[in-house]
Amino acid sequence: MENIWISSWKHCDIFGKIILIILGILSIYSWYVIIEKFLTVKNAFKKNKIFESSFISKKEIKKILCPLYSIIHYLTSLLKYEKMDLETTKKYIEKAFLKEQTDLEKNLTSLATIAAVSPFLGLLGTVWGLLLSFTNMAITGSSSIRVVAGGVAEALITTVLGLLVAIPAAIGYNYLKDKIRTLMDEMEFLIPYIEDYLNFLSKQNQKGE
């Protein structure tokens, strides 16, 4: 028995094949984003813990490539160019956290878009396939399975593939969004320590002037 995907592909016309190709590309891209972001966030949790331990206990800034290091490195770099009072410090900390969150969430919106669009692409293929079936029936005057098979196969396979693309994309988006939110919440716990550290550096810079 021939593979169902191969058989359905053969029965599809050019429009149906284009829809299947688009859905295939969207599926590959969404899985790439899901896997890449999962590994990035997992690595961020792990390295943040290492950096946090060193920072809190020793007030030491180790060059560990993680969100916390990026935030503090960005803020300490600003001290070289301008003085910071308490209000300015809080403003820049908020800006640094927002920038890091934006970087972490990069490409996540594409998952949400794929999750929303894929079922509609599948539905478009479904409607087109059914239209082909009814058109063939009208032309031939027959409702035999041979006449309608191509359109029905196209209708069903595009629906199935649209859902197979959309479901993982939706789950991946929500899971990663939640993980990034948790990561940001954990980092916000360190804001008082960051403020104290920046104030200390600012006073040190003023003494050195």
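The model is predicted, so local features are reported only where pLDDT is at least 70 and side-chain atom pairs only at pLDDT 80 or more, while totals for chains, interfaces and linings use all residues. Residues are numbered from 1 along each chain as its sequence is written, and side-chain values use heavy atoms, with hydrogens and water left out. The predictor's confidence in each residue is given as pLDDT, on a scale from 0 to 100. Its average over the chain is 82, and 78% of the residues score at least 70.

Secondary structure was assigned from DSSP runs, numbered from the N terminus; a helix is a run of H or I with at least four residues, and a strand is a run of E with at least two. The chain has seven helices and zero strands, and its pattern along the sequence is α-α-α-α-α-α-α. Contact here means heavy atoms within 4.5 Å. Among contacts between residues at least 6 apart in sequence, 74% join residues at least 24 apart.

Accessible areas were computed by the Shrake-Rupley method with a 1.4 Å probe, and for residues only the protein chains shown count as cover. The accessible surface of the chain is about 12700 Å², and carbon and sulfur atoms account for 65% of this surface. A residue is called buried under 20% relative accessible area, exposed over 50%, and partly exposed in between. Of the 209 residues of the chain, 38% are buried by this rule.

In soluble globular proteins, nonpolar side chains tend to be buried together. A nonpolar core is defined as a set of buried Ala, Val, Leu, Ile, Met, Phe, Trp, Tyr and Cys residues joined through side-chain atoms within 4.5 Å. The largest such core has 43 residues, of which Phe51, Leu75, Phe97, Leu111, Met187 and Ile194 touch the most other members. At least two residues of this core come from each of helices H2 (14-58), H3 (67-78), H4 (86-104), H5 (108-140), H6 (145-188) and H7 (191-208). Helix H2 gives the most, with ten residues. When residues up to four places away in sequence are not counted, Phe97 touches Ile71, Met184, Met187, Glu188, Ile191 and Ile194.

Ser118, in helix H5, is buried, with a relative accessible area of 0%. Not counting residues up to four places away in sequence, Ser118 is in contact with Leu23, Leu26, Gly162, Val165 and Ala166. The C-alpha atoms of Ser118 and Ile22 are separated by 9.2 Å, although these residues are 96 apart along the chain. Val41, in helix H2, is also buried, because its relative accessibility is 4%. With residues up to four places away left out, Val41 touches Lys179 and Ile180. From Val41 to Glu105 the C-alpha distance is 9.8 Å, across 64 residues of sequence.

Aromatic pairs were counted between rings of Phe, Tyr and Trp (its six-membered ring) whose centres lie within 6.5 Å; planes under 30 degrees apart are stacked, over 60 edge-to-face, and the rest tilted. The count is five aromatic pairs. In one of these pairs, Phe189 and Tyr193 are tilted, with 6.2 Å from centre to centre and 50° between the planes. Phe189 is exposed, at 52% relative accessible area, whereas Tyr193 is partly exposed, at 28%. Ring pairs also link Phe51, Phe55, Tyr69 and Tyr197 into a cluster.

A charge is taken to sit over a ring if NZ of Lys or CZ of Arg is within 6 Å of the ring centre and within 35 degrees of the ring normal. Lys91 lies over the face of Tyr92, at 5.2 Å from the ring centre. Lys179 lies over the face of Phe45, at 5.9 Å from the ring centre.

Two asparagines are partly exposed. Asn43, in helix H2, has a relative accessibility of 32% and so counts as partly exposed. Its C-alpha atom is 9.6 Å from that of Leu65, which is 22 residues away along the chain. Asn107 lies in the loop between H4 and H5 and is partly exposed, at 33% relative accessibility. Most residues other than glycine have a negative phi. Asn107 is not a glycine, yet its phi is positive, at about 75°.

Methods. Buried means under 20% relative accessible area, exposed over 50%, partly exposed in between (1.4 Å probe, protein chains only).
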